[in-house]
Amino acid sequence: MTSFPLNPVPASLPGNAATGGAMTNYTALYESLRSRKLKPVVPKNLDILAVKLQVAAERRRVTLKDLRRRADQIVTLAPKFRNVSDAVLDQQINDIREVFVRRRQTADHIDTALAMIREVARRETGEEPFAVQLVAALAMQYGRMVEMLTGEGKTLTGSITAPLIAWQHRWLHVLTVNDYLAQRDAQSRACIFKRCGLRVGAITQETENGERFDIYARDIVYGTPKQIVADWLRDQIRLGRATTPWNARTMASLIGGEDSADKSRSIMPMVPGLHAALVDEADAVLVDEGVIPLIIARARQEDEMSQVYREAADLASKLEDTIDFAIEPVRRRATLKLRGEDRCKQLFAALADRGGSAIWRATRRGEELIRQALVARYCYIKGQQYETVDGKVVIVDEYTGRFLPDRSWEHGLHQAVEAKEGVEVTADRETLARLSFQRYFRSYPFMCGMTGTAADATGEMESTYRRPVMVIPTNRPIARKQMPTRVFRSAREKWAAIADSVADIHNQGRPILVGTRSVAASETIARMLEQRGIQHSVLNANFDKDEAEIIARAGKGGLSANVTVATNMAGRGTDIKLDDLAKSAGGLHVILTEMHSAKRIDRQFIGRAGRQGDPGSAQIFASLEDELLRKFAKWPSHIIRQRFPKSELTDIPGILKLLNWSQRRAQSHDRNNRDSVLKQDDWIDKHLPGVG
Amino acid sequence: MSERNTFSPFWHRVRALKPRLRPHVQITRQGYLGRRWYVVQDPSSNGFYRLNPVAHEMVALLDGSRTVDEAWQLGLTRHGDEALTQNDVITVLSQLYGANLLQADIAPEAEQLLSRGNDRRKKKFIGQAIGLMYFRIPLFNPNSILAAIEPVLRPLLNRFGFFAWLALVIAALVALTPHWRTLVTGFDSAIAPANWPVLLVSYVLLKLWHETGHGVICKRFGGQVPVFGAMMLVLVPSPYVDASASWSFRSKWQRMAVGAGGMMFELFVAAIAAFVWLGTKDNPGLAHQVAYNIMLTSGISTVVFNANPLMKFDGYYILSDLIEVPNLMQRSMNMLKFLCQKHIYRVENPQSPTTRPGEALILIAYGIGALIYRVVIFLSITMYILGKMFALGVFLAIWTTAMWFLLPIGQWVHWLATHQSLSHFRTRAIATSLALVAAGVLLIGVIPRPDYRRATGVVNADMQSRLFSANNGTIAKIHVANGAHVKQGDPLVTLEAPELLTSLEYAKAQLREAKLRQSQAMMQAPAAEQAAAEYANMIDKQIAYMSELVSKLVITAPHDGTAVFAEGARDIGRFISEGTPLVEVIDERTLRVAAVLPQAEADWIASMSSDKYTVEARRISIVDHVMTLTPTQLPRSASTTIPHSALTYAGGGTIENDPKAQSQQLDTVAKRPIFTAAFIPKLPKDATDEARAQALADLGPTGERIKLRFELPSKPLLAQWLDRLDKALQGRAKI
């Protein structure tokens, strides 16, 4: 149960008249279809420049200096509302809200409203936003992507911004990182929103279908992007190719579904249009996840394919690397060489003779399956891209380190991996609807967001989403000490050095967080720590049940100071609270065992240390065998390996530059991928308009 | 290696559609090089799309009751490896849909339809802007006119008609052949401004007739001709018709007939005009002139534009049908692009426009030909217009450079910067391109290349005298053989002039008489003595003159050399009138090459010191013998005097005569100033006289034309080109 019924809003307010009662079917239909028609096109050629100029102009319109001045002013307004009674405050909020609903607000209105909401937050939750949080709230109110360092109170900032936006726009979607946060925030902030005359709800995995209709009708909806986009897509399937409400209702009356009691089967859309979005961890949602389209699929009936995938996996194991085929790890692609093609032909013939599937008679399709099996075999590694859980292949999210239980790779890749692992091959699924996050979020007329690492994604935020980025100064100066990056020749030497470093700092009584890039790596380091007799806990997708408990323990210092080995699961939104012992010993030390493919992810993880002015330190370890260097700096690292026959390479001049360079290459590679997803979307829209 | 992926991530968007071709769409089967193709055509909008058999089957399966997915699955089971991939299907559907040939159960949104229309209009406009030289404006629907003409001509539009036409044209050509020179010499006056109105009228009428030809033949085979319009063809307005309906004709001969129709109609008129011209040759009047103009216009426009397959006019479509390679131009360009992508950029799986090696060769050859032609036509048209109207020429040159050269370069850069197929090795691709550009710059901009200039010269001797008869007489004696070597003072010819001798004797007698009279007068009448003395004096002078003439009857060599007797002075007893050339004495030791160079192109010869360049020469009759020359006499200033008539246009040379010069000077006055310089064989200092004589003999007889090639100091090609362009502009620009 995730709905939070609130008192009905007085019906006199013009903007929210519809939400007072039940939203009419027609409004929802109209809004939903209207939003679907907004298909922003990726700018091309000179338009790119135009967009850049536009964003630059927009960036100059509201400057950090102005906002800081206004935030200070809001703070001085505080006494004015401090001693007002609740009833009077409510009345004042109601009055100013009306201004916002009519979109007649001026800068003064905004300042006053924010001061009132600040007072409400203080009264309801006991937390009073700092000036920098007010700056962030103002910036977001102007549609900025704000960068607030971790631990600066993003949750609170979000909850004072949301009412401002929700008053101006019909529906506000607040997108959080996970279901837990969505539910927690919706619940804990409901009191603030209620006093602002807004109704709030949260959509999580468990929310019943029927309930969702009601929750989406509320003014503020908390949820994860996955949930909301999936609902939006399900609506798409339900609406079919209707383009106008009239058209949709006619279609519905033909099927007889419009007024059926079970709304999920009618053509009523769940998500009534996209008006405004406030995205938490904006870079993760908009950039990292942007490349993976959300897909609603259903299992196909045909099942004879499972045998084919097993046969393909078998054939692939008979081919020799570099002689029969070449693997490109960066692009996750396999290419058959001439000899490989010959071998394939022979193998196909043999297989067809033995009574294998008829598919092997068609060379092209057969080779395609073989290439896929090769990719599954050499580019997808257990413990990195996936894990097997209960005889199933489960994808591990490369950015968050979490399991994605209900998701599968497309076009037989999932099956190929299953065949490789020897687990039961599931039926191939058939796409019903597909939408990339990039595309979805560009459909919001108003969007703002916050994250700890927006600055690194400025280019993309500004070109793809046309949202300027603003970096908000910290409330208290950062006390985290960044120790120099250490680079090793081989992974083995790196792990040993990490274990040494852990032992060393552990002895100082400081809690340690060791970040790994994959599940497999977290288990490697865990084994090494065990050998040295260092007590530690492991947080990865396999142990996600204990997450809250592990995190709660992670900040313990002193003699039994905690060592936590974690994948990126601990990277975002995790708040490690330090106890006094830990603080006095020097705070949390974060060790990053490998550089990620984006600097932002490194920064996020390192950001676990030194939160809110706490002491802390961080250090990165890297080796020439790391995935980043293997993929993006193959030759330079080869040369270094030849020229410097020693185990630690930290003092080689330029090695850090090489690391950063390959990280930049990885970032631009990922960005290209994301752009191509967008371009494909645009192409199909342009050439088959009105389809899908 | 075909890496076409069977699946498309967008399949879900089309899989459930149940599209079908629009009901009135027609499908025609055509054969191209033994392959079947299907042309899907919408007669009402003239939208076309060409499908291969597998795609055609797929489209045929889509009857409005099957979903796309079902049809695709069927295709998979039927064709195996040949079957369309999901991506292929989406492409075919989207293109059919884009050409408005497909009807689907989708409700296209108004804005998207509008934006599609806008896109199309934008594209069309850009296309027009690029081809500013070929701008089109549609005017009206010529259907009713053609419907009236076509039945009248129908009895002739068949095989019989074609052969009759062919016979007529050949007969006209045969009849014209003897008068070819007259035809060519008439050209200059025909393009003179005075003739422009006639030329323009006949041009426009002929082209109207030409387009009627296309239209009528298209209609004859059942095609519709929906548009008649005007286009700017290299700045000359010219009509056009839209005969694209012929693309759907099944027989390639019919398609070719439509393409050739215009030219056939035009040449028919030209053939008749030829006979008119021949018939009125004896009393040239207006009919004669008009007939000439018609022949000229249709002849030139047919050869340069219409029959030329390298531009997208009639000849192109005829060729395309003849060799059964559809869409020749575009696919040739794609072929060249494909080759670059494959071999220079090493793009993975570039899409070749053809799978057959034979066709690939045709495409490559055509593509290269068309590119070269494009450059040549660009240069010549621009240079021509620059000469006529400088400002317009400059504008056109800039515009065309931008559209034909800068735009492709821009597209190339854009492709490099953004194209998907390069996304994983863009750095390498950019490096390759930079290397190519650098190599190009190095090659034409930096590395000095020999700078060759050419000129034509003629052999003459510095010591060369032509001897004339001083008075009338007959040849009495020829002292030396023709071509013999003579010394200074040697007698060559002796003339016999009895009247002269008689007159001399008579004069001498008169003198004697006069002397007597004078002495008589001295004694008898001293007053008359003065007159008598004057008379005697006069007679004396006469005698002296006559004696001189008599002495000139023996013609002697003024200097050493070879005696070359004139045609009419080789027989004893032949009468020679006064002033007839008799003998030429040429001193071979002073043979040299007199060369002319247009001033506009060769100011270097006046300014550059002669040891900085070398001169190579070849006789025009013996081209494989190369001689090295050195200048003996360099020009100080330019003049319009041509040293030898063999150097003029009329004499087969390269110098344009001034047509305004007086007729007796026509051979010696150049239209534009020229430099005249003289060259002798270059020999080592210690060369023997024999070697010297041999070198001179190698030059050939006097009057022989010599091709000269000057090798100037090496310069980068770019500098050479700019220099030449600069000179050309100086010479021609009339601002």
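1. Secondary structure. Chain A has 27 helices and 21 strands. Helices here are DSSP runs of H or I with at least four residues, strands are E runs of at least two, and both are numbered from the N terminus.

2. Basis. This is a predicted model, in which local features need pLDDT of at least 70, side-chain atom pairs count only at pLDDT 80 or more, and totals for chains, interfaces and linings use all residues. Residues are numbered from 1 along each chain as its sequence is written, while chains are lettered from A and ligands numbered from 1 in the order written.

3. Burial. Of the 692 residues in chain A, 48% are buried. Buried means that 20 or more other C-beta atoms, placed from the backbone, lie within 10 Å of the residue's own.

4. Cores. The largest nonpolar core has 178 residues. Such a core joins buried Ala, Val, Leu, Ile, Met, Phe, Trp, Tyr and Cys residues through C-beta atoms within 7 Å. A:L114, A:A136 and A:I220 are among those with the most contacts inside it. A second, separate core of 50 residues includes B:A497 and B:I642.

5. Helix pair. In chain B, α9 (residues 196-220) packs against α10 (residues 252-279) at about 140°, with axes 7 Å apart. Axes are lines fitted to C-alpha atoms over the stretch in contact, and angles run from 0 to 180 degrees between N-to-C directions.

Terms used. Buried ≥ 20, exposed ≤ 12 C-beta atoms within 10 Å, placed from the backbone.
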